[in-house]
Amino acid sequence: MREITFVEAVREAQAEALAADDRVFIMGQEIGEYGGVFRATEGLAERFGEHRVRDMPIAEQSMLGAGVGAAVMGMRPIVEVMFMDFIACGMDAIVSHAAKMRYMSGDQMRAPMVIRTQGGSGTHHGAQHSQTLESWFLHVPGLAVVVPSTPSDVIGLFRSSIALDHPVLFVEHRALYRTTGAVADRVETIPLGRGVIRQYGDDVTVAAAGKSVRQALVAASRLGEEGVSVEVVDLRTLVPMDVDLVLESLSRTHRLVVAHEAVERGGWAGELISRVVAEGFDELDAPPLRAASLATPIPFARELEAEMICDERLIARRVRESLGMPEPWV
């Protein structure tokens, strides 16, 4: 085992894909000689050449459209969208072309591509560079959505993503980039749609993905001091979603809290809760609850930002609500 950072895992995963398949190349803004704003491609242009790590202009629609065209012609592009907020500029290429290509062509053409992007709050970047938007893409048939929480999962999930014959949105939370985790010398490939239980417990299940998994573990540790046993489920992918794992956990705890940093309204927590109610209603001893961010643009001020986004405090509060416990200060 070795200890590496989340962003080092992103670099390693891309390097592995580039070395394994000549059809793989990366497109993005400032990813070549500069190595990316978050250093996610540092050193890759020098190792594989500028024709495989291509700097692109600040034009997300053109970049993603070119990625779709390259994929249809037999390449396997990795397209990096520097800030997830600006993925909206290329929505047509993703939603109407990449995701529909196989169906519109009667399976004669496919668009195997990985769209890497980072987002999330808590880093003082303001309303236009801090959004958590993966829930938008759950509504799009033909598109997988991956949200890793550990360096090891980055590598294992990316390996599955680059091998698929359809497009994958690979979402990285920027606040995780400098976090570290243990990675085996031979990382196992993780099939999309397979979650994992990060911590077993008896009282309440907390389901999360990405940064919220780490926050759920912090909340679980604090609640443990109050005598509450929390089970933490890391979904790892949102499409496909491992609802069966959540139902299995619920059969032990009989209470559910779903946590994500996205705004609560229209967030993917609602989709998971709907499935759980439909398929595991008899296991529920209390209504499922959501821990999510407020429906407001993200403030630039660090103190205001901290008050409106979902964090370990809110997750712990929802767990106590599920159990009918008062807040410690009441």
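Analyst: Happy to; we will take the labels one by one, and please keep in mind that this is a predicted model.

User: What makes the chain agree with a compact globule?

Analyst: The radius of gyration decides it. For 330 residues, a compact globule would have a value near 20 Å, and the chain has 20 Å, so the two agree. Along its principal axes, the C-alpha trace spans about 60 × 45 × 40 Å. Of the 330 residues, 55% count as buried. The accessible surface comes to about 14,100 Å², and 52% of that belongs to carbon and sulfur atoms.

User: How many helices and strands are there, and what share of the contacts joins residues at least 24 apart?

Analyst: The chain has 11 helices and 14 strands. Among contacts between residues at least 6 apart in sequence, 81% join residues at least 24 apart.

User: Why are the buried residues of α4 placed on the same side of the helix?

Analyst: In α4, residues 91-98, the buried ones are A93, I94 and A98. They cover an arc of only 95 degrees around the axis, and therefore sit on the same side of α4. As background, an α-helix has 3.6 residues a turn, so residues three or four places apart point the same way.

User: Which elements do those buried residues of α4 pack against?

Analyst: Their partners are α3 (60-72), α5 (101-104) and β5 (114-119).

User: Why is R110 called partly exposed, and where is R110 placed?

Analyst: Partly exposed covers the range between the 20% limit for buried and the 50% limit for exposed. R110 has 27% relative accessibility, so the label is partly exposed. R110 is found in the loop between α5 and β5. Leaving out residues up to four places away in sequence, R110 touches A71, V72, M101, R102 and D165. As for V154, 44 residues away along the chain, its C-alpha atom is separated from that of R110 by 24 Å.

User: What kind of peptide bond joins V239 and P240?

Analyst: A cis peptide bond, with omega at about -5 degrees. P240 belongs to the loop between β12 (237-239) and α8 (243-253).

User: How do you know that β13 and β14 pair, and what unit do they make with α9?

Analyst: Pairing asks for at least two bridges between the strands. β13 (residues 256-263) and β14 (residues 289-293) have four, in the parallel sense. V257, for one, has L289 as its bridge partner in β14. Together with helix α9 (residues 268-280), β13 and β14 make a right-handed β-α-β unit. Right-handed here says that, with the strands pointing away from the viewer, the path from the first strand over the helix to the second runs clockwise.

Methods. Residues are numbered from 1 along each chain as its sequence is written. This is a predicted model: local features need pLDDT of at least 70, side-chain atom pairs count only at pLDDT 80 or more; totals for chains, interfaces and linings use all residues. Side-chain values use heavy atoms; hydrogens and water are left out. Buried means under 20% relative accessible area, exposed over 50%, partly exposed in between (1.4 Å probe, protein chains only). Helices (H or I, at least four residues) and strands (E, at least two) are DSSP runs, numbered from the N terminus. The arc is that of the directions from the helix axis to the C-beta atoms. Contact means heavy atoms within 4.5 Å. The radius of gyration is taken over C-alpha atoms; the globule rule is 2.2 Å times the number of residues to the power 0.38. Accessible areas come from the Shrake-Rupley method with a 1.4 Å probe; for residues, only the protein chains shown count as cover.
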